[in-house]
Amino acid sequence: MADKIPVAIIGSGNIGTDLLYKLKRSAVLEPVLMVGVIPESEGLARARQLGLTTSAEGISGFLAYADKVEIVFDATSAKAHREAAPTLREAGKRVVDLTPAALGPYVVPPVNLQSHLDAQEVNLVTCGGQATTPIVAAIRAVAPVAYAEIVSTVASRSAGPGTRQNIDEFTETTGHSLVAIGGADKGKAIILLNPAEPPILMRNTVYALVETVDQEAITASVRTMAATVQRYVPGYRLKADPLFDDHKVTVLLEVTGAGDFLPPYAGNLDIMTAAAVQVGEEIAKELQRRQLQRPAAARRPDVTA
Amino acid sequence: MRIFITDVTLRDGDHAMAHQFTRDQVSRIARGLDAAGVDILEVSHGDGLAGSSMQYGLSREPEEELLRAAAAVLTRAKLAILLIPGIGTKSDLRQAAELGATVARVATHCTEADISEQHIGLAKTLGMRVVGFLMMAHMIPPQQLAEQAKLMESYGADCVYVVDSAGAMVTPEARERVRALRQAIGVDIGFHAHNNLALAVANSLAAIEEGATHIDASTCGLGAGAGNTQTEVLAAVLNRLGYETAITLSHLMDVAEEEVKPVMLRPQIIDRDSLTIGYAGVYSTFLLHAKRAAKQFGVDSRALLEELGRRRMVGGQEDMILDVAVELAQAKRTPPSARAPQDSVVRG
């Protein structure tokens with residue numbers, strides 16, 4: 001078996017930490033570096049305990065260790081990512097961007113990841129985009145979708161300041177994803193925050209208008225897609241089979257987080273970190289394939305194999 | 001004392017109209033209300049700009065056409081729009097301003113004021129008067145509501161509303177919320193009621209006594225749930241109490257009778273479901289959606305609304321009506337012994 005691919009996480013907050021826990025389980029990726037900006041950050045302390053090298057010097061701290069990693073996960077903010085992106089590109093790193101910066105192509109793993117395995121940088125859309133675009137694509141696979149609309153409801157506590165201050169980014173980016181990746185002719189997205197205690201699980205509803213309604217084919221396609229997503233987001237589930245009302249298809253989804261670091265109700269954050277790992281792993285496998293195709297002399301020496 | 005009336009017939013009434021308002025209806029009603037002396041007239045999809053959706057109901061006519069129709073006939077009333085961040089966006093707001101809206105009412109659930117910062121900021125930049133709209137205000141204590149109002153004030157709101165979206169407040173609850181805002185903020189305070197407990201006018205008066213100067217009302221009461229404070233009734237009561245408005249009562253009564261009443265799809269009464277909404281503390285807009293879902297899935301609409309209240313659903317979660325209806329329908333097929341015991345109606 002090939003070596004694990006060494007990776008770095010930029011951002012030592014909740015998302016970065018949850019991502020770290022997931023990466024520790026990966027058979028393909030090895031988290032070796034976490035970069036933050038606050039020396040006393042709990043996230044950096046946790047990363048050190050788990051054996052990672054850490055830096056609190058931001059992107060310049062990253063550069064000191066850049067040659068140790070091949071893939072970088074950015075779990076900071078859109079602004080920080082825009083600032084770091086040129087440096088990461090010049091350093092020749094592959095980047096999985098979890099922020100809303102959207103410099104690279106949008107990727108939803110079961111739908112279009114294979115088309116972007118070569119991209120230097122990819123972006124993970126939004127939590128709602130990750131949860132609902134696969135369902136739109138699944139319906140689109142068996143029937144043209146004239147219009148897709150999604151509603152994501154998340155626990156207030158799981159919506160951080162970044163989401164809150166830029167809530168339009170969610171509606172606009174997610175709506176775009178339903179069209180560009182999901183394959184609908186038109187798309188619209190709505191996000192709702194619910195402050196109930198105990199916090200609610202992430203809920204998504206997908207509405208699709210289809211010309212031809214083959215209930216069996218649509219149901220089968222949606223079920224298959226849900227199972228595919230479930231392989232990397234175990235808490236992703238259909239609340240019921242698709243509902244049909246004339247030309248309208250309605251799919252009710254719930255996402256429970258894996259509870260790695262973030263609480264289980266934060267399915268909206270879990271689906272982002274889970275998708276990031278899935279994307280990172282596929283990129284890593286592609287890098288491994290290429291390494292194997294190169295002449296033996298050009299390969300890095302085996303360390304652990 | 002001068003009380004400013006915002007008539008919401010062409011926005012909250014859009015719920016009761018199942019989003020079927022036509023340009024002609026909007027034009028006639030807006031012209032009448034303007035001439036009758038309402039200060040501000042709100043025109044939008046019931047769920048605010050860009051609310052036309054499968055989630056909330058598709059508008060019969062494009063929103064911009066309805067706004068244009070209203071803007072064309074107003075001579076003294078200001079044109080307002082509702083914007084709920086998460087549904088509508090800043091670009092929708094810009095478009096509305098270009099079409100002539102001069103008042104932006106930016107609405108959030110009562111605990112989520114911080115998602116309105118950018119929209120309030122943009123509206124100010126566009127030169128609009130900005131109203132912060134704290135929905136489902138019965139769900140949190142007065143002090144907490146006041147903290148959220150302070151946020152909206154800090155973003156630039158010229159007025160903050162206590163919004164009883166569920167028509168669930170009894171009068172002391174309305175009173176203490178307005179009082180808490182009065183003590184916490186320096187800008188104007190407004191009150192928006194629903195009549196599910198038949199307290200819309202009474203609560204609006206209590207709000208005025210506590211310092212609110214802006215009151216929402218709807219002609220013929222046309223609005224979600226059992227409807228809103230009825231504009232012409234409020235105007236009559238305010239006259240009797242010696243409060244000053246710009247309304248000519250007889251003229252407004254004629255607009256209600258001749259322009260609004262004929263277009264209503266059903267009488268605006270407190271029926272079993274709208275009373276349940278007020279009693280269980282559920283978003284008034286759920287009314288027609290719950291009736292439809294109850295029919296579609298063969299479940300009891302009151303039980304459905306009670307369950308939504310129990311789960312503390314917030315405004316906009318119309319998809320959960322479907323979700324809960326599916327669950328109730330599944331539970332009906334399960335033998336009673338396998339079911340969890342159910343509480344009676346619980347206040348949300």
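## A strand pair in chain A

In this predicted model, A:Leu193 of strand β8(A) is the bridge partner of A:Val154.

Is β8(A) enclosed or open to the outside? Eight of the eight residues of this strand, which spans residues 187-194 of chain A, are buried, so the rest of the structure largely encloses β8(A).

## The largest nonpolar core

Now let's look at the core. The largest nonpolar core holds 218 residues, and the members that touch the most others are A:Ala208, B:Leu41 and B:Leu134. Helix α10 of chain A (residues 267-293) gives the largest share of this core, with ten residues.

Take B:Leu134 as an example. Setting aside neighbours within four places in sequence, its contacts include B:Thr108, B:Cys110, B:Leu145, B:Gln148 and B:Val162.

## Where the chains touch

Which residues bring the two chains together? On one side are 23 residues of chain B, in contact with 25 residues of chain A. Two elements of chain B, α5 (117-125) and α14 (319-333), each give two or more residues to the chain B side, and α14(B) gives the largest share, four residues. By type, this side of chain B divides into seven nonpolar, nine polar and seven charged residues.

Key. Residues numbered from 1 in each chain as written. Chains lettered and ligands numbered in written order. Predicted model: local features only at pLDDT ≥ 70, side-chain atom pairs only at ≥ 80, totals over all residues. Core = buried A, V, L, I, M, F, W, Y, C linked by C-beta atoms within 7 Å. Buried ≥ 20, exposed ≤ 12 C-beta atoms within 10 Å, placed from the backbone. Contact = placed C-beta atoms within 7 Å. Pairing = 2+ DSSP bridges. Nonpolar A, V, L, I, M, F, W, Y, C, P; charged D, E, K, R; others polar.
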